[in-house]
Amino acid sequence: REYATMGKSNPSMFGLFSKGSGSKGIEDELMNLKLAAKQLQRESKKSEKEMDKSKNLVRQALDKGKTDIAREYATMGILHKKQSAEYLRLAVRTVVWCFSILVPTN
């Protein structure tokens, strides 16, 4: 029977129990979440590097007296900084969520 809302034959939420019974499916999903957190950390570092490039471009544009172009580069640098912070925030949430599943509550 096909479920209309999920588009899958398995009604489990987020596919946590889709790989069979027991904890094997959960362990696989936890590993996937940990890998996703690492990927988010890498993306954050990439955004920080892009921010540094934007800073250098701002300096170069200001040295040449092109304030409009420097303003555009500064705007891009700010966006990269915010994006980097957001990637880190998501990575931390993912790791915390993983550990909240692993540690039983009373």
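This is a predicted model: local features need pLDDT of at least 70, side-chain atom pairs count only at pLDDT 80 or more; totals for chains, interfaces and linings use all residues.
Visitor: What makes up the fold, in helices and strands?

Guide: The chain has 2 helices and 0 strands. Helix α1 covers residues 24-63. Helix α2 covers residues 67-102.

Visitor: Why is the contact between K53 and E50 called a salt bridge?

Guide: The cut-off is 4 Å between a side-chain nitrogen of Lys or Arg and a carboxyl oxygen of Asp or Glu. The closest N and O atoms of K53 and E50 are 3.6 Å apart. That value is within 4 Å, so the pair counts as a salt bridge.

Visitor: Where do K53 and E50 sit?

Guide: Both lie in helix α1. They are 3 residues apart, about one turn of the helix.

Visitor: How do you know that K53 and E50 are partly exposed?

Guide: K53 has 49%. E50 has 33%. Both values fall between the limits, so both residues are partly exposed.

Visitor: What makes R71 and D68 a salt bridge?

Guide: Their closest N and O atoms are 3.5 Å apart. The limit is 4 Å, so the pair qualifies. R71 and D68 both lie in helix α2, 3 residues apart.

Visitor: Why are R71 and D68 called exposed?

Guide: Exposed means over 50% relative accessible area. R71 has 55%, and D68 has 54%. Each value is over 50%, so each residue is exposed.

Visitor: How do you know that R89 and E86 meet in a salt bridge?

Guide: The N to O distance is 2.5 Å. It is within 4 Å, so the pair passes. R89 and E86 are 3 residues apart in helix α2, about one turn of the helix.

Visitor: Are R89 and E86 buried, exposed or partly exposed?

Guide: R89 stands at 40% relative accessibility. E86 has 34%.

Visitor: How many salt bridges does the rule give?

Guide: The count comes to 4 salt bridges. Among them are K53 with E50, R71 with D68, and R89 with E86.

Visitor: Why can such side chains pair at all?

Guide: Side chains of opposite charge can pair when their charged atoms come close.

Visitor: Which residues gather in the patch of positive charge?

Guide: K38, R42, K45 and K49 gather there, on the surface. One of these residues, K49, is in helix α1.

Visitor: What makes K49 exposed?

Guide: K49 reaches 58% relative accessibility. The limit is over 50%, so K49 counts as exposed.

Visitor: Which residues make the nonpolar surface patch?

Guide: V95, F99, L102 and V103 make a nonpolar patch of about 340 Å². L102 is placed in helix α2.

Visitor: Why is S54 called buried?

Guide: Buried means under 20% relative accessible area. S54 has 8%, so S54 is buried. This residue is found in helix α1.

Visitor: What does S54 contact beyond its neighbours within four places in sequence?

Guide: S54 is in contact with Y73, M76, G77 and H80.

Visitor: What makes S44 buried?

Guide: S44 has 2% relative accessibility. That is under 20%, so S44 is buried. S44 lies in helix α1. Not counting residues up to four places away in sequence, S44 touches S84, Y87 and L88.

Visitor: How far apart are E86 and S44, in sequence and in space?

Guide: They are 42 residues apart in sequence. In space their C-alpha atoms are 8.0 Å apart. E86 is in helix α2, while S44 is in helix α1.

Visitor: What share of the contacts joins residues at least 24 apart?

Guide: The share is 52%, among contacts between residues at least 6 apart in sequence.

Visitor: What do the totals say about burial and surface?

Guide: Of the 106 residues, 20% count as buried. The chain exposes about 8400 Å². Carbon and sulfur atoms supply 58% of that area.

Conventions:
Residues are numbered from 1 along each chain as its sequence is written. Side-chain values use heavy atoms; hydrogens and water are left out. Helices (H or I, at least four residues) and strands (E, at least two) are DSSP runs, numbered from the N terminus. Buried means under 20% relative accessible area, exposed over 50%, partly exposed in between (1.4 Å probe, protein chains only). Patches are made of residues with over 30% relative accessible area and no salt bridge: like charges are joined within 9 Å, nonpolar side chains (Val, Leu, Ile, Met, Phe, Trp, Tyr) within 5 Å. Accessible areas come from the Shrake-Rupley method with a 1.4 Å probe; for residues, only the protein chains shown count as cover. Lys and Arg count as positive and Asp and Glu as negative; His and the chain ends are not counted. The place of a charge is taken as NZ of Lys, CZ of Arg, CG of Asp or CD of Glu. Contact means heavy atoms within 4.5 Å.
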